[in-house]
Amino acid sequence: MAADITTAFTVNGSKIIKKVNSEKTLLDFLRSDLKLTGVKKGCNNGDCGSCTPGMIMTGTGLLMENPNPSRTEIREFIGPRNICRCTGYQKIVDAVEDAGRVLRGEKSLLTDLPDDASLRRKDTKLKVTGKVKYADDIEIEGMIYGKIKFSDIPSGTLRKLIPGDTEVESGYAVPDGRGGVGIYYPTQAIFDDQRQVSGALGIYENKVRVIQLPTGGAFGGKEDVLFQHILAAAAIKFNKTVQITLSREDSLRVVQKKHGIDFKASPGVDKTGQFKVLDVDIVTDTGAYASLGHDIIENAMSFAGGPYYIPELRINGEAVYTNNVMGGAMRGFGANQANFMIESLINMAALKLTGDSVTDNSTGKKVALSELGAPFRTEFRAFPPKTETFPEESSQKDFTSPNFKSRRTHWAYAYGVQIALVEVDETTGKVLVKKIITVSDLGKVLNKRAVEGQQEGGVVMGVGYALTEKYVEEKGQNVTKTYGELGLTTADEAPEIINRVVEVPHPWGPLGAKGLAEAPSLSTAPTITNAIFDATGVRIFDLPVNRKLLIK
């Protein structure tokens, strides 16, 4: 048993002298003993920082060493210390650079933008000061703590349960004393959770209440029921508040991943470069559970033709069960994979026809729903501020297809284009993305900085998807064990990003706005791989790029 030691240090201006166990980490001491939950546990392996708190501490550390760092020095300092999944790092570099100015007695250059003033996030100061309480930050008197023992094999029959150590998905559940339960979890889908948990427990939906906690970065990753049903069952069983927090290792092992998708596609293009036909077979690995696999395959099929008008189509899609971790929602929702396929095909066809990387310009065409071949019963538009009800489902007699259900259709599609400047080291196969220009047609800019953040974050996520991100499984077991092994793009690897927007208001959008959040990540991978082909003559068919293919 480890001995206690006496330690002394200063925290937030206060002198602390305390006897602690010699094996306790500073992080655990700050969180559990001093209740400073603004300090976050990204992992226990020292290979990741945790979002806003980690970036602030790292930026502060740099400015203490170097009061006037260059943008390159900022990126290189952050790179090995912190990973960000949301921002694309440019706004972080801007902030550290500006903080240096202020600390040197100079004027801040990051002033409020007029169009952003009323739209600023209300929780910004709470997050940067560590006052937002996430699930693992919350302590309730009488709370008990649960651990989940995950199977050591991908498929089998449970005969005996031997508890194991697991501890960064986190949530808690509170029994109501009447056979019901409240589930507190950073979910993206409270009503789906309610429905699934009530079904799993065999109780009425009104017995399950789901309360969304601060979610943080999600990108679709918190749309599934992971252990909410276990929390609820334990809370009802023991009649106590129960909290469960996964370790990073278990999180990597069980939380849903972007679907692996195989495409077999044949395009038909005439001599003028116009698309005439597209034949595509799609197979997705949905893992051991369906999750949102049906939605992903639908989206991959819907976007298989990209933004192009193609008169004749045959698209077949299948989602298959495997012993791999379940595939779920991820930024782009199947469109990223489809866009890599179609934009690669476009580039190949253009090169074959003209010897240059030009693309089909027949994008978009106004087509009535009734012309699409499906038995749509109703077609109408509702203009704000007027609202009208639209039936979610209708009886069988309304349709020629016996299983058809009416659905709202999406019309405010986002459009964008990207250009990549890449450098390929043909001795090592390493690809360096030097610069990406991204242009988005989002209808109407409502918050300039938020738009830039979405564009930059989407691009950097797309860079990782193209070049380095990989989750490896063998025979249903994850080979990737740590956050650092995922290959997420770091600050020193992120390219320079030039943002531009096109404002073509949509006549039915709020103030003319269209969608944006997922769109900036869609074009990046094929933009990079097409640039690699231009540089090396090597066509990439699989992601991430295999460096060995580029070595000469």
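This is a predicted model: local features need pLDDT of at least 70, side-chain atom pairs count only at pLDDT 80 or more; totals for chains, interfaces and linings use all residues.

Residues are numbered from 1 along each chain as its sequence is written, and side-chain values use heavy atoms, with hydrogens and water left out.

**Stop 1: the sheet**

Select strands β3 to β7. They form an open sheet of 5 strands in the order β3-β7-β4-β5-β6, and the pairing is mixed. Helices (H or I, at least four residues) and strands (E, at least two) are DSSP runs, numbered from the N terminus. Two strands count as paired if DSSP finds at least two bridges between them. At the edges are β3 (144-146) and β6 (208-212), each pairing on one side only. From one strand to the next, the twist averages 20°.

Zoom in on β3 and its partner β7 (residues 242-245): the two are parallel and share 3 bridges. Ile144 is opposite Val242 of β7.

**Stop 2: the helices on the sheet**

Axes are lines fitted to C-alpha atoms, for helices over the stretch in contact, and angles run from 0 to 180 degrees between N-to-C directions. Contact means heavy atoms within 4.5 Å.

**Stop 3: salt bridges**

The whole structure holds 22 salt bridges, each defined as a side-chain nitrogen of Lys or Arg within 4 Å of a carboxyl oxygen of Asp or Glu.

Select Asp176 and Arg178, whose side chains form a salt bridge at 3.9 Å, N to O. Are these two residues buried or exposed? Asp176 is partly exposed at 31% relative accessible area, while Arg178 is exposed at 61%. Buried means under 20% relative accessible area, exposed over 50%, and partly exposed in between (1.4 Å probe, protein chains only).

Now select Arg314, Asp279 and Asp281. The salt bridge between Arg314 and Asp279 is 2.7 Å, N to O. Arg314 is in strand β11 (residues 312-321) and Asp279 in strand β10 (residues 275-287), so this pair ties together parts 35 residues apart in sequence. Arg314 also forms a salt bridge with Asp281, with 2.9 Å between the closest N and O atoms. Asp281 is in β10 too, 33 residues from Arg314. Arg314 is partly exposed at 37%, as are Asp279 at 27% and Asp281 at 27%.

**Stop 4: Glu469**

Finish in the loop between α11 (448-467) and β15 (473-474), where Glu469 is found. Glu469 is buried, with a relative accessible area of 18%.

Which residue's side chain makes a polar contact with that of Glu469? Show Arg85: the two side chains are joined at 2.6 Å. A polar contact is a pair of N or O atoms within 3.5 Å; within protein, one must be able to donate a hydrogen and the other to accept it, and residues adjacent in sequence count only if both atoms are side-chain atoms. Leaving aside neighbours within four places in sequence, the contacts of Glu469 include Met461, Leu486 and Pro544.
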